Structures are given as C-alpha cells and as structure tokens.
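Biologist: Could you take me through one part of this model in close-up? I would like to know what surrounds it, and then how charged side chains pair up elsewhere.

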Amino acid sequence: MGDYQFLMLKDAITCINQKVNLFSVILDFTLPQRTKGTARIPVSFADYFCKLKVIDESHSEFWVPVHVFAQEIDGLPLVASVGDIIQLSRVTMTVHEGDVYAIFNNKFSSFALYDGKDGDSFHPYKVSLRFHAREHDERRIASLRKWLASSEVIDVPNFSLLREIDRVVCVNLACKVLHISKTTNDKWMIFLWDGTDAPPISIYNKLEDELHNPLPLHFEPLPPSRDVLCTFPTVGTILRVILDVDCVTYILQLLKVDQWMKFFHVFCKMHEGLWYGVFTSSSMIRDMPNDDILIFERQSNCDQRSLGELDRMPYWSCPWPSKITEVKRIDVPFSTLMDVLTCKKETNNFRCVVRFVAVIPWRVEDFRAPCGAYRVRFTLEDPTARIHAYAHAENGEEFFNCSSTDALKRKVIKLLGVPASRDGEAIMGGARNPPWVQCYLKSNPIKQRHWIFETKLLG
C-alpha cells in the first residue's frame, strides 16, 4: 500500500504479511522488557520490546495487538496514558496461531504518540527516528479525539485507597512517592503513601517462635535512616513496593520523589502481618497533574487527620479501642507510632492506640527475672509502624496488675488476640487478631528504646 495511506483496523487485519499505516487509540500497553529472541524474532533484531493493544472506530469491540521491538528503550513508544493516540507507519500485519497482530520493526517502521481526547495539541509528545508528519494527520487525530469524547471505549480506572485493600489483590493506586532505596538483597523499593490506614492483618506466627524467629519491625531488610524517616508523614500507612521488572533503570527515571503518581496493576501482598506491593512487568506508572481530584481528596483527608486529636487514632480502632487496657493520663492527645519514632526530643511520652502482636518471653511464668522484677518485651503495631516496647520492673507491676498466674495468662492471651474455645481455653497455633488498645509509652526515639508505663492491663 502507499506510504501515505492509512487503514482502519477492520481493513488492516485482512492485509496479512503486508506493511500498513495505522492511526489508533491505545487501549493498554506493557512496560519495556528485554527480548530473549525467538525463531521469528532473533536477538539481533532488537534488545527491547513492549506490547500495545489498539482500537479505532471500525474495531472498537476487539483490540489488535502491536508488538514493538527496538534496540534501545528510548526507541519504544513510551505511552503516557491509556487512551492516547498512536500513529504507526509501515508495521507488518502477521498471523500466528489464528491471532492477527502488527509487528513494528525499528529498521523501517515509525510511530508518533499524541494526547488522547483531552489533548489540544496536534504535536506528538514522542516520535521515533523515522517519523515524518503528514498533511492529513491533524484531521485524523481530531476525528479520533471526537470519537473518544462521545464513546465509552476507554474505561476510567478505579483507584483504591490503602485502607480499602482487604486481601491479596491487584490494585490501582494514587499515591505520593516518599522515598526510593536499594535493599541489601539488591532489589529496588519505593515507599508509597496516600494518607489512609491499611487494614490490620491476622498474625499466624506462633507465640513460642518469637524468640528465634521474631516478627519483623519493617518489611525491608534494613529500615531507612532516621534522617529519612523524619521526612515521612506520621499518619497513614507507608506501603513498601518492590520493583520486580527487567527495566528498573527506566522505571527509576519515571519515579519522582515527593510527587503524586498513579500506579496501575500493583500486586498487594502480606508478609508476617505487614502489607507490601510488587510492581511487575504488567504494572504501569503515570504522572498526575497537581489539580487532579484524587490528590485533593487524599490530601484533604490527611490534613483533617493531622488537626484532630481523635483522628490520629487508627481508622480501624473506631469508634473506640478495647477497654482491656487503661491509661492514667487521658488528657494527653493521641499519637501514632510514627510520631514516636520521629520525635526530635531525647525522651518524650506518648498516648497511642496499638495492637500487641508478639511477646518475649511467651510464657507468663517466665515474665519475671530471677530477681523477681518483670522483664517483658512486646511488639506493638499501628498502621504507621511497629516497635518493641518493654514492660519492666515497677512499670511492669503496674501494667500487669495481677497477682495470680492464671489470671495474668487470661489477660495476656486476650491482649495478644489468641482465639479461645467456648469454655474459655486458649486455642494456640491459629490465626491471632489482637484488639486495638490504648497504651502510654515513654520513649527515647534516638536510641530506639520504648517503655510501657502508666498503663494497666484489665483483662
């Protein structure tokens, strides 16, 4: 066909083994990946590839795949958003196992990317080396934009809040990028936040395993430095997301610290009671304009939480924490554990709402040292962080508030969320769901030492 003739998709799919020119709308796309080469696509042909799904007015019910190959990542059509328009020149229509698709060969094919229905410019935001604008391009772009504006072929994706994640699932997120780091196992990790509290997770670790296999305080092998930690918001969960992709360098170039961004198809998973995410080759990243309504909604919710005393309580503890603990000083405003960790004073006191998720020693009979003083370490968590806190000596006497070993066992079992049978006997080894309780802490965040005091365990 002529170099300046563009086909509709319904006609292009009949031109098997021919080179065609297309103007289409991008329905979906993948991130760049390294090609391993096949009999049909040798390694020498290209080092990178991505896949597009395109539609137009003639073929809106079924998409046509486009396989794009290039020797460099920059030679691929790095799409800004689903719904954008792509101009493809001299792509080869191919059929394999009954499926028709187009192949882009960087030796003779070219592309140009344009904004979708909301665009007002006819200048492409990205082009390949061999691209040449044509006289009638603007007319075709305008036609596709008009069609997009009057149709519903491009679904508006739903974006979940972190507090709406209730199981292992693939989600779209609109979050602020707080930090990017490389872990000790050579993986890149991004820290995402939207101001909401991720839901608590049942704890499956056995109490007796805590000494030799303790619950981690954070998902990453080593936590961020205190300087970095002090830049984080103190309300809302910070989701750690692992970059599990070939093109890490490309993804790192897209990420902008301290900016809101959209993340598509992120897998949210659980690890020892902690939420984390995985960014795979099927995931995507988009910039967000500063006036995006999603930013306004999330930032407004966070601002309200930062102002109100009760709003610093975990979302999941509402309307009020369990009454199995009691604190003396109810005039002190609530704080989060991230408030505790980032406090700049050498010592300070905090009233928190937390879950007691682990304890050392695990047997109540071993709570006291040979000298008779209590020496117990608890692991506390809220949606912002986990810490170790100690019930020691006279503070332990006040906290445990009990003379009978059997009575103390019942209190601790309830505090740690161990399920009980109908006759009140603890069912050890199953899932635990500790209640939200109030706790007063004395803290030295610089030395990362925290003590439970002026708190009573009522049972």
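Modeller: Let's start with the contacts of Thr379: leaving aside neighbours within four places in sequence, Thr379 touches Glu210, Leu217, Arg355, Phe356, Val357, Ala358, Arg386, Ile387 and His388, where contact means heavy atoms within 4.5 Å. This is a predicted model, in which local features need pLDDT of at least 70 and side-chain atom pairs count only at pLDDT 80 or more, while totals for chains, interfaces and linings use all residues. Residues are numbered from 1 along each chain as its sequence is written, and side-chain values use heavy atoms, with hydrogens and water left out.

Thr379 sits in strand β18 (residues 375-382); strands (E, at least two residues) and helices (H or I, at least four) are DSSP runs, numbered from the N terminus. Thr379 counts as buried because its relative accessibility is 1%; buried means under 20% relative accessible area, exposed over 50%, and partly exposed in between (1.4 Å probe, protein chains only).

Now to the charged pairs. Side chains of opposite charge can pair when their charged atoms come close. A salt bridge is a side-chain nitrogen of Lys or Arg within 4 Å of a carboxyl oxygen of Asp or Glu, and the structure holds 18 of them. One of them joins Asp292 and Lys262 at 3.5 Å, N to O. That pair links distant parts of the chain, 30 residues apart: Asp292 lies in the loop between β14 (284-287) and α5 (293-307), and Lys262 in strand β12 (residues 260-271). Both Asp292 and Lys262 are buried. By contrast, Lys10, which pairs with Asp11 at 3.3 Å, N to O, is partly exposed because its relative accessibility is 44%.
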